[in-house]
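Subject: Structure handover

Hello,

The structure is below, with notes on what was found in it. Please read the notes alongside the coordinates.

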Amino acid sequence: MEKATAIMSYAKALQCRECHREYPLNPIHFCEFCFGPLEVVYDYAALAQSISRQSIQRGPLSMWRYRDLLPVSREEVVDMNAGFTPLIKAHNLGKLLGLENLYLKNDCVNPTYSFKDRVVSVAATKALEFGFDTLACASTGNLAGAVSAHAARAGLRAYVFIPADLERGKMVGSAIYGATLVAVKGTYDEVNRLCAEIGDKYPWAFVNINVRPYYAEGSKTLGYEVAEQLGWRAPDHAVVPVASGSLFTKIWKGLKELSSLGLIGPVSTHMHVTQAAGSAPIATAHAEGTMMVKPVRAQTIAKSLAIGNPADGYYALKTLKESRGAAAAVSDDEVVAGMKLLAETEGIFAETAGGVTIAGLKRLVAAGAIKSGELTVAFITGSGLKTQEAVESVVNPLVIPPTLAAFQEAIGKPAGPARAR
Ligand SMILES: Cc1ncc(COP(=O)(O)O)c(C=O)c1O
Ligand SMILES: [Zn+2]
């Protein structure tokens, strides 16, 4: 095989989030000393010397424009052009909710239609760097698709483990890439536990287990992009759908990194957690004022967020506290209403997680946590084409024979004068 070229990386080490011991940049994810999770740390002094708004702007129109802030040292990254997705001003939805400054970060338009392409682009690149031949994951659906597609692109084998009751669109959207789909009769938390055991036995790159510290860094790019797209500033509010808590904590890390590198001013963003009420261990802990996340048996139509025992739950609570954010837990009916509201006002067909974000946003505004003029970004992280079951009831067409009279009768009024073309 052709030898890949290594280039300079600013990633310095893995560091335990608890005892701060450092480890070399290997495929490991927890501290041997205290079992705390490991996180990538960078040589920020060297980064500050070389990175600038201009150097970023010269980069590709993808997440890889932030390459210096990602932990890869391989020149050829596994790139499907994830990222640099639209940030759109939501005039209609904003008006409806009473927000003058509402933006939507539309990550539905990634290569496999969710933000998970960002994390997997990094994880697949690291898998090649480490010499693995198989990419694997435990997934609530979107990760499965992203892993399968990036593995296909990188020439890696893929094993994806999912709960057996996953939406059809997510199963097809993974199997199509030639991945081996393992449908486990159990919850995501059970799938994840099984994968930890499998990961001990098989020499695979499990993106959310042994290469998790690298994988998680990919989510920082959502924070970078939003800041850049807002004209190099952090928003006042970020409204984020939360499952394991990783995305939430990494958007925050990304914003703080930009600020400490002098690329944006001080960050005073309030980071808000939105969860489905049937799977809301983080929102519940926040409401109860505790830093202890109590695992739950997740049950919601927002299957992508159905994690009852969130790996980064404690760190999500820390981010909530540090950023003086709030949390909202919404019912399944609100999720569906949120999906419809977003589609009908802004033309974005988001998946159930997007319904959670919009329903949560609505609640946060009603509770006074977000005020009219404040710059607010709601993160829409996956496409509704994969969770069509949730909104089947909208399909209620006028069924007519092929005659003009039948059409007129069906819409209940005669046509006006023909419009000039
Ligand atoms: C569409 C979507 N949004 C948000 C999330 C939450 O991500 P995290 O597990 O990092 O909290 C997921 C997780 O699978 C997801 O699929
Ligand atoms: Zn430790």
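Ala, Val, Leu, Ile, Met, Phe, Trp, Tyr, Cys and Pro count here as nonpolar, Asp, Glu, Lys and Arg as charged, and the others, including Gly, as polar. By that division, the shell around ligand 1 has eight nonpolar residues, nine polar and one charged. Please keep in mind that this is a predicted model.

Ligand site. There are 18 residues around ligand 1, and those that come nearest are Ser244, Ser246, Ser304, Thr381 and Gly382. Helix 5 (142-154) and helix 10 each contribute at least two residues to the shell. Helix 10 has the largest share, with three residues. Ligand 1 lies between domain 1 (11-80 + 116-215) and domain 2 (87-112 + 219-393), because both give residues to its shell.

Nonpolar core. The largest nonpolar core has 125 residues, of which Ala123 and Val147 touch the most other members. This core also draws residues from both domain 1 and domain 2, so it lies between them. Apart from neighbours within four places in sequence, Ala123 is in contact with Ala205, Val207, Val211, Tyr214 and Tyr215. In soluble globular proteins, nonpolar side chains tend to be buried together.

Helix 12. In helix 12 (residues 313-322), the buried residues are Gly313, Tyr315, Ala316, Leu317, Thr319 and Leu320. These buried residues pack against helix 10 (246-260), helix 11 (281-287), strand 11 (270-276) and strand 12 (327-330). Arg324, which follows helix 12, has a positive phi, near 55°.

Regards

Conventions: Residues are numbered from 1 along each chain as its sequence is written. Chains are lettered from A and ligands numbered from 1 in the order in which they are written. This is a predicted model: local features need pLDDT of at least 70, side-chain atom pairs count only at pLDDT 80 or more; totals for chains, interfaces and linings use all residues. A residue is buried if 20 or more other C-beta atoms lie within 10 Å of its own, exposed if 12 or fewer, and partly exposed in between; C-beta atoms are placed from the backbone. Helices (H or I, at least four residues) and strands (E, at least two) are DSSP runs, numbered from the N terminus. Two residues are in contact if their C-beta atoms, placed from the backbone, lie within 7 Å. A residue is near a molecule or strand if its C-beta atom, placed from the backbone, lies within 6 Å of it. Domain bounds come from an automatic or database domain assignment. A nonpolar core is a set of buried Ala, Val, Leu, Ile, Met, Phe, Trp, Tyr and Cys residues joined through C-beta atoms within 7 Å.
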